[in-house]
Amino acid sequence: MRHCGTGDLARALREAGIAEPPANGPSFALPGDQPRYAPDRPADVRHVDIAVTLDFERKQVRGAVTHRFAALFESVRVVTLDAAELHIEEITLAESGAPLEWWSEGEKLRIQLDRAYNYGEEFGVRVAYWAQPRTGLVFVAPDAGNPDLPLQVWTQGETEYHHFWFPCHDFPNDRASTSLAATVPASFFALSNGKLEEARDNGDGTKTYQWRQDIPFPAYLITLVAGEFVEIQDHWREVPVNYYVRAGREADARRMLGRTPAMMEFFTQRFGLDYPYVKYAQIVPEMFLGAMENVSATTHSYRLLPDQRASLDYKPEAVVAHELVHQWFGDLLAVRDWSHTWLKESFATYFEAVWMGEELGEDQLRIEMRDNLDAYLAADKRGRRPIVYNVYRKNGNELFDRHNYQKGSRVLHMLRQVVGDAAFWRGMARYAQRNQGREVITADFERAHEEASGRSLAQFFEQWVYKAGHPEFKVGYSWDDERKLAKLSVRQTQTVNEQTPVFVTPLDLAFFVPQSDDEKPDGDGFMQPQVMRVQLEQAEQTFYIPLARRPFGVRFDYGGWLIKTLEFEAPADMLRFQLRRDPDTNGRIEAATALGEKGDPDSLAALEEALFSESFWGVRQAIAAALAGRKSERALATLLRALDEIEEPKARRGIVAGLGEYRAPEQSDLAERAAAALTALLAKGEPSYFVTAAAASALGKTRAPGAFETLLRYVDTPSWNEVIRGGVFAGLGELGDARAVEPLARWATDRTKPMDARAAAVSGLRVLAATKRVDQPEARTRAVEAVAFALSDPWEMAAGAACAAAAAWGDARALPALQRIVAESPDERQVRNAREAIAAIQRGDAPRDETRQLRADLDTLREDNRKLRERLDALDAQADGDRKRSE
Ligand SMILES: [Zn+2]
């Protein structure tokens, strides 16, 4: 599903200094959360028939839904459907039209059948109703801030939202075929699952689109998107592959979606199973966030669709691949319940990276895996949980987090290294073929890979999927020249408990061994290492590896495929070698970081040289960060030169971010030089939105005189997805200056501003809070009130950003607005955001402002001083007494 926290756009935004609100927060389970299980199915749903009319004026849905059931219990007298806030008009037996009795219990609709139905007997139930849904189905219409918005409808079922607009078995443990008829204004198009059977003009200014999907699937993957769209036709083999966008975005659509047929072929080959559905459509409505893999008809957010300038350094292809992978894993193989969600989200996250690696090269796969590890490690710090996990508040939405996406993607990558490439793909094909059209649990996947590889995988799955955490390695290296032995001592330092074990795993060590005694480490080009696989089994282990010569470099976990943290103290000469000649990007990135920390002249010179000679942007970013971390004049000069010479925009983001590390007043001279370069960059204009935004954000970070005024000049710059304003608002926040409160608060609360700009301004307020520098009561009050107001923003991104901002300010005055979300919002994503913010405020772990902290420290010092003086006085008095006595 939705995919906001991952992928290229998220990375680009992060590097532009515009972090999206965190996807999940502190401890995983929050107070009151319970283990959840799939519901019983007294009767199997065989077919769902939906016939609805969309009333754009009243924002209402009106229609009838007929379920065909087959009894599964021995004797079924009552069937239950999920239905929230639906206005039921009549419920009848489908065959005879006889009215049936019904009643509501919370979000459950209980229907009394005309008689008891025995196991296997079939019957149909028709519900006529209307709804004005608060979620599940969204009406888009122009408003003051967004006058260009068209009239549209889109739906979002995952996880359990469809029962807010039609009655259904709203849980993935039942699959049915569907038919859906949507009546819309005659100029509109309506997209749903499967085959378009008919588009009928009703002669009254409306048109009815009739769709049918025969391969059964869970209700949450039903879709309905309606509006005025342009259709772009393509195909894969015999299967129609169509793209639907607003008029004028055709070129952007081709740019984003044009590789779809190639991806369909690629995944068909890899998964050993043809793309299963009669068509594949992708549609891009407004106000939709992320992307959703509805069966045969994916919905993408308008935010993912790049214009020409955005496509310079943002590739939406990963999301396209992600949703396509779900057509197999998630749709054809549906998860039985949300606790096994990784069987779709990890898969989509991993195989999108595999596709990107196929398109852009191995470096791309490695950097995405690296990003995913970092994302998981950050989430793990906030709350540890196993990947397979069933404790949550309501509908499983909160499980769609970095454990299920990023960590799981790393588990699959690791499984591939453990069993080997051929066995891995064989296992994937076996799993896909055997389980197509079924609900899956993790055991199905484990068994398929055991059979395909011959390996016992119980321990692998227990460690990485059913338990939580990861190994935290401390590794020491030494070379015994006499015996020609490399010694590696390995310690697992994680706290071992019921949740987190000592990990048993294979591990790849790599040694860069020269061919002769004359060979020098500073040759040209990559050097291939000797890679050997060893088995880790204990908390402490030492490996002695005989080598022909002292190696130029040594790598622990070559390829970087283990889920881990690593402290590996290597000598500077080995790191310098690694930075230049290790073919594994992980090795070059790790070397850059470590050399920056060492900071000796040779290491810095090596970093400077590599910044210009390195070919991969991911490593260049790491080098720029390592140099900037020195905060030296020399590093600044290097970064400024790189800004002149290096054009690749992703590397430029790293360089620009590095300039933001020079900060006034601590380093006024250098900060002003950095700020001058950033100001010049903004004035000159930069091809990339993201580099421009990164420059604005970095300028704020320098806190140089004049930065505030400069940033204000760019507040009115509109751009694709408001990326530039996002950077400007982040920069205003980074200033840590009370003067920034007013412009940010004004934009955050003005509903006549574009929705994405409001969301960006709220994020700016969060950044401002995180600087812990705004202590003035009036500024604080203005900021907190603006955040509290933004919590009620109808745009979910703005309200979500406001939850994160409320947590950052840590001010109890935001609590009532947060509690209102928990009590009233039907959107569990937002409820989770609000609950995390409430927990953070109540824990009081929100950042305290610096002044207050300094005052507290000063008080402690004064107290210590007073005590010392008392003791001195006492000692003096004692000495006096002693003297007197001795006199
Ligand atoms: Zn997904």
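Reply: Two strands are said to pair if DSSP finds at least two bridges between them. This is a predicted model, and in it strand E13 (residues 195–201) pairs with strand E14 (residues 206–217) in the antiparallel sense, over six bridges.

Me: Which residue in the hairpin of E13 and E14 takes a positive phi?

Reply: The hairpin has four residues between its strands. A positive phi, near 75 degrees, is taken there by Gly203.

Me: In what order do the three strands of the open sheet lie?

Reply: Strand E4 (75–82) and strand E6 (101–105) are the edge strands, each pairing on one side only. Strand E7 (residues 108–118) pairs with E6 over five bridges in the antiparallel sense, and one facing couple there is Trp102 with Ile111 in E7. Neighbouring strands of this sheet are turned against each other by 30 degrees on average, direction ignored, and the order is E4-E7-E6.

Me: How many residues are in the largest nonpolar core?

Reply: The members that touch the most others there are Tyr129, Phe267, Phe329, Trp342, Phe351 and Leu818. A second, separate core has six residues, among them Ala510 and Phe577, whereas the number of residues in the largest core is 285.

Conventions:
Residues are numbered from 1 along each chain as its sequence is written. This is a predicted model: local features need pLDDT of at least 70, side-chain atom pairs count only at pLDDT 80 or more; totals for chains, interfaces and linings use all residues. Side-chain values use heavy atoms; hydrogens and water are left out. Helices (H or I, at least four residues) and strands (E, at least two) are DSSP runs, numbered from the N terminus. Axes are lines fitted to C-alpha atoms, for helices over the stretch in contact, and angles run from 0 to 180 degrees between N-to-C directions. A nonpolar core is a set of buried Ala, Val, Leu, Ile, Met, Phe, Trp, Tyr and Cys residues joined through side-chain atoms within 4.5 Å. Buried means under 20% relative accessible area, exposed over 50%, partly exposed in between (1.4 Å probe, protein chains only).
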